[in-house]
Amino acid sequence: MAGKAGYEGQALVTRHSQLATRHSPPPLVNFLQSLPAIVSQFDAAGIRYALIGGLAMAARGVQRATLDADFILLLDDLERADAILNSLGYRREFHSENVSHYVAPDPALGRIDLLHAFRRPALGMLDRAERLELLPGLPVPVVAIEDLVGLKIQAAANDPARHRSDWNDIEQLVEHAGRNRIALDWELLADYLALFDLPHKLPALRQLHGPAHSS
């Protein structure tokens, strides 16, 4: 199936994304300390990236506790991103075709996870990202609500232990969009659901969004 997202039978990144596997995060994280430097240097280097995960949900208006910063990043830019993160005190503790995980000696810097964008669906997420103010004076590229939902659908499918929390996040995102009269791309959401054999979930999401805004 080659839907609007251009999957051509592929998962968003991989059906077994290592992003679903986490080590215990540090107890205290101060993103005011770490994110401005990361974002400013990524921007200065011309790196293509966008926030995903809990911080992206917060930027989209849905508060969710998180102790790490997740980014989707163009694979061709990974070498430059790695050099920047190393200069800021991070070291790469895991690397695969699909993801890179970074930690720092100072727990306050938090953990950085990079999802490598090289497949068409992930590249589409970068294209659809828009800059939002995550912190005062800190505009950051953030993936679209539909793409956050798509990543959550994948995470829930890959890891049954996360199913309930990920679907709770999905419902919060869709409900928030409806409450704030934010139109959603239902064709794209249908593509994401179909990719994981969940097309039957679409009517419930439309209803959650609200009949006035789901056409």
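1. The side chains of D166 and K152 meet in a salt bridge, with 3.5 Å from N to O; the term salt bridge stands for a side-chain nitrogen of Lys or Arg within 4 Å of a carboxyl oxygen of Asp or Glu. D166 lies in helix α6 (residues 163-179) and K152 in helix α5, so the pair ties together parts that are 14 residues apart in sequence. Helices here are DSSP runs of H or I with at least four residues, numbered from the N terminus. D166 is buried at a relative accessible area of 0%, and K152 is buried as well, at 7%; buried means under 20% relative accessible area, exposed means over 50%, and partly exposed is in between, with a 1.4 Å probe and protein chains only. Salt bridges that share partners join K152, R162, D166 and D169 into one network.

2. Please keep in mind that this is a predicted model, in which local features need pLDDT of at least 70 and side-chain atom pairs count only at pLDDT 80 or more, while totals for chains, interfaces and linings use all residues. Residues are numbered from 1 along each chain as its sequence is written, and side-chain values use heavy atoms, with hydrogens and water left out.

3. The structure holds 12 salt bridges, and another of them is formed by the side chains of D147 and R128, at 2.9 Å from N to O. Because D147 lies in helix α5 and R128 in helix α4 (residues 120-128), this pair ties together parts that are 19 residues apart in sequence. D147 is buried, with a relative accessible area of 0%, whereas R128 counts as partly exposed at 33%.

4. R111 and D113 also meet through their side chains in a salt bridge, at 3.0 Å from N to O. R111 counts as buried at 4% relative accessibility, and D113 is buried with a relative accessible area of 0%.

5. Helix α5 (residues 145-158) packs with helix α7 (residues 186-195) at an angle of about 10°, their axes being 9 Å apart. Axes are lines fitted to C-alpha atoms, for helices over the stretch in contact, and angles run from 0 to 180 degrees between N-to-C directions. That makes α5 roughly parallel to α7, a term used for angles under 35 degrees.

6. Which residues of α5 meet α7? They are E146, D147, V149, G150 and I153, and their partners in α7 are L188, L189, Y192 and L193, where contact means heavy atoms within 4.5 Å.

How values were computed. Helices (H or I, at least four residues) and strands (E, at least two) are DSSP runs, numbered from the N terminus. Angles under 35 degrees count as roughly parallel, over 145 as roughly antiparallel, 65 to 115 as roughly perpendicular and the rest as oblique.
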